[in-house]
Every structure is written in C-alpha cells, then in structure tokens.
Amino acid sequence: MAEDSIAKMRSILLVMLVFVCGWAILSIEILGGRILTPFFGSDVYVWGSVIGVFLMSLAIGYFLGGKLSKRFPKPGYLSALILVAAAMVAVLPLFHVKVNNVVFDVMVAETLGGERWGSLMAATVLFLVPMTLLGMVSPYAVQLAATELVSVGEKAGMLYAVSTIGSVLGCLMTSFYFILWWHTDRILLQTAGLLVFVALMFAGLYPRMASEEKGRDG
Amino acid sequence: MKKQIAFLLAVGLFLVGKESPCSRTLYEGQSLYHYIRVEESGTVRTLRFRQKGISYDESKVDTAEPMRLVMRYSRLMFAGFLFVPEPKRVLVVGLGGGTLSGVISHYFPKAKVDSVELDPEVLKIAKNYFLFRDGGNLRVYIRDGRVHIKSLVRRKAKYDIIMLDAFRGGYIPYHLTTKEFLQECRNILAPGGVVVANLWDTSRLYEYQRRTFARVFESHYAFGGGGNKILAAIPRKVKLSKKELSNRAKELQKKREFSFQMTMVVEEYDPRIDYPTRGQILVDGHAPANVLRSQPLR
C-alpha cells in the first residue's frame, strides 16, 4: 500500500472512531435525562445536572486523554479505553434504577428541594466515569493523527468537527426518534454495541497498517 | 337555506371557540413552566395555560358561587367518593386554580386534603384570582408529583383517594403516566382506596394509559367521554352495577349536599372497554406520551 493511501485509511478509521464516540456521548446524555426524570422530576435542574456532569466528564477526559496519549501513543490503548467505556454503558441498565433509588432515599425523600442535588449526584455516579473515558478519545485521536501530519491544528480541527457532528446527530436521532421507538435500556445496549464494533474494527485494522508501513520502511 | 344554516352554525362555533367577547383578562404572565392567563367572563374566572399557540382551560371558578364546580371534568372527579364515601386523607396531584381541592376540603371537612403542584406561580394565581385558601384541612406542597409520591412511598404515607389531575393541557408529564408511577400510587393507597385520573379519550395516549392502568389495578370505572374521561382505578376486585353506584350517589348527595348532582356523575358512567386491551403500555424506560397525545384516535 502506498504511504499516502495508508495515511488516508488511518484518517478514515480515526474519523469513524471520533464520530461514533461523539454520537454515543450525546445520545447517552439525552437518555440520562430520561433515566433521572422518574426519580428527580422533569424540571430544568435535571437537564442542568446531566449537561453539567457530561461537560465535566469531557473536561477531565480531554485532560487525561491528552496526558495518556503522550505517554502511550498506541492505537491499542485507544481501543481499550472505548471498550471499557462500552462495557460500563452496557451494564448501566442493570443498576441505574438501584443507584437512583439509593440517591433518592438519602438525598431527596426527606429533604424538600433535595431533588436538585440528588439529580446531580445520580448523574455523577452513573455517567462521570464512562463519559470521561469517551472524552479521552478525541485528544488521543489527535495525537495518533499528529504523528503523521505536519499540520496538527488542521487535523485536530477536522477531528473535533467530525466528533461534534456525531454528537449533533446522536442527540437529534435519540431525542427525535429512538426514545419514541425503543426502551431506554435497549438504546444504551445498542450504543454500547456500536462502540464495541468501532473499537474492535479500529484495533484490528489500524495496527496492521502500521506494521505494513514499518515492513516497507525496513 | 341550508347554506345559511351552515353559515350560522359556523359563526356559532366560531364564537364558542373564541373567548367570549365580554371576557376580560385579569392576569397574563409566563411562569417557569407555563404561559398563564386568567380571564373573567361574568362571575366565572378561567385559568388558561397556552401551549404551542393553543389555550387550554385548566380551571374555572364562579366567584358568586365558589362551591359550584363549573367544569364538567371536576364534577366527574367526584366519582372517587362513590368508592370511598368517608375519606380520611385525599391527595390531589395538580392544583390548577385549586377549585377541586378547595371544594373537596369544603364538603369533607374532616378529611385531610393534600395537594401537590409543580409551579409556585400557579399557587399564587389560585390564591389571588380563584379564591383558593390553604390551611386548615387543606395543604399544598410545591413539588414534582412523581418526586412527592415517591417520598410518600418511603414515608409509608397512606391516602384513601388519590386524584391525578396533572396531565391536562398541551403537555403531558410522561413520568406521571407510567406503570412504575401507578405502582407508586398504589403503594400509598390505604386499604379500600381508589385512584381517580383525569384522562383525555380522543388521542392514542388514552389507549396506552388505559392499558397501563389495567396492568396495575384490578377494577376500573370510567366516567364521561368525548374529551375528559375520568377513570377510577381500584387495586382489588370490586363489582358494582350502575344501580348500586346510583344508590351510593344518592346517599352521598343526601349526606354532603353537593352543589351539583352526584347522580348526574353516575349517569355518565361508561362500562364499555373502549380501548384495545392488547398492546404496549407506558413504562419509565419507554413512554412517548407527548407524541401519542398528538395522534388522534379515529
């Protein structure tokens, strides 16, 4: 394979990866509101809690993802991050009701107005870690892309744009259609499945192309 | 001639559909949750919430005769008392103008009446324009209905009658329609208690709500129709004929002397199963209530 066609393939793989992760984050954010509402109400503070926790996760994820990508700039690590996030999303249906119940008992049942901080707490427990892992994907992808390109800014800009377009579509599809068609838990599982699929595809194809390149260089 | 009649009918409908020309606006404002208007026409004041350009009458009071329940649906809600004629505790979810809670607390002075309302502005308006007074045997909690009932479950509180009147107007709080919510209501029913819900029988949501109620409660009695349909749901087998309901209504009327005729409520009893019993129900994880609400039935 020619060098620039390898670069193109890699670029396509990274684009797919960040697109799906962007999709997953906002899709799960919409579902987050639906998961919290039966316990904390449908008020604006529930959305405030969910959005706040997701942005916090992304902030932490960007920071940690940047650090980790510097120490281990290997595609395998990126796939592993996404697989762990997918696993955490896939098990959410098993315990989100239990977590909400516990938080409700401790923070809301006996406290008038406790539903504000309760919804923030529940959103944190349920979503902070998996969404942090997904937040690590973008800087990691930039790092992998940057080893092959002079124009880091251009590459970073493109990947962030693609990731955000993924978020836009994930958010709209979930809120316009998925929650009308399917049960929340089913959408969570489907999203986890999608993450596993791209992570495995990335893990399978990306390194192989790297070794081809190395073989030719040697 | 036919054309003229048709025209006159059209004009008539136009006038009925519009606010009547002699009505005046007493209040207009946007709360956190609703665009609210209070209108007065003669001695009758109307609370309206506007949603997507359509006004919905939420509550009415006749200031000359505050114990007269002006709206048909609020009289039908009294069907609950056919099943529990001597309630000790009543919970009303959704305050509106406060007329329903107020009238109940008036005719049942020994009952404790609790009302839950999401919007603090609605409580203010009820007090300022609808002659609503809390205190005494009537208390209002400002909180999401689902959150409030869930905390009542935790506190093991019990009510004899629970009235669900929060799904009016254009927006349906979907978390107050689900199987899980109805189970929570069932959990805070005292033995012999009844849940009375204000449904709307012209959209697909109605069929889903009926099936969901059928999943959680053993017995159902529906009143009214062609718009508001009031459903009394009981968590045990209760078999009463229209005749027996009618006798109960007469007894109740004699004892409480309501401003309206309780037997008229029984006249609107509808024993038909007017929905497909097989099909999806509403659950927390999947309750597209507002989309179903916008789909007409037939």
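Good morning, colleagues. Please keep in mind that this is a predicted model. For chain A the mean pLDDT is 92, and 93% of its residues reach at least 70.

I turn to the interface. On one side, 26 residues of chain A are in contact, and they meet 19 residues of chain B. The area buried between the two chains is about 1,900 Å², and carbon and sulfur atoms contribute 52% of this. Within chain A, the residues that lose the most area to chain B are A:Arg34, A:Pro38 and A:Leu180; together they account for 28% of what that side buries.

Next, the polar features of this interface. The rule finds ten residue pairs in polar contact across the interface of chain A and chain B, both residues being at pLDDT 80 or more. Three elements of chain A give two or more residues each to the side that touches chain B: helix H1 (3–40), helix H3 (75–108) and helix H6 (152–181). Of these, H1(A) gives the most, with six residues. Sorted by class, that side of chain A has eleven nonpolar, ten polar and five charged residues.

The rule also finds three salt bridges between chain A and chain B. One pairs the side chains of A:Glu115 and B:Arg143, at 2.8 Å from N to O.

Over all chains, the salt bridges number 25. Let me consider some within chain B. B:Glu40 is bridged to B:Arg45, with 3.0 Å between the closest N and O atoms. B:Glu40 counts as buried because its relative accessibility is 11%, under the 20% cut-off. B:Arg45 is likewise buried, at 17%.

How exposed or buried are the partners in other pairs? B:Asp57 and B:Arg48 meet in a salt bridge at 3.0 Å, N to O. Here B:Asp57 is partly exposed, with a relative accessible area of 31%, while B:Arg48 is buried, at 13%. B:Arg272 and B:Asp270 also form a salt bridge, at 2.8 Å. In that pair B:Arg272 is exposed, at 53%, and B:Asp270 is buried, at 10%.

Finally, B:Asp57 and B:Arg48 belong to a network of salt bridges that also links B:Glu28, B:Arg37, B:Glu39 and B:Lys60. Thank you.

Note on methods:
Residues numbered from 1 in each chain as written. Chains lettered and ligands numbered in written order. Heavy atoms only, no water. Contact = heavy atoms within 4.5 Å. Buried area = accessible area lost by both parts, 1.4 Å probe. Salt bridge = Lys/Arg side-chain N within 4 Å of Asp/Glu carboxyl O. Polar contact = N/O pair within 3.5 Å; in protein donor to acceptor, adjacent residues only side chain to side chain. Helix = DSSP H or I, 4+ residues; strand = E, 2+ residues; numbered from the N terminus. Nonpolar A, V, L, I, M, F, W, Y, C, P; charged D, E, K, R; others polar. pLDDT = per-residue confidence, 0-100. Buried < 20%, exposed > 50% of the residue type's maximum accessible area, 1.4 Å probe, protein only.
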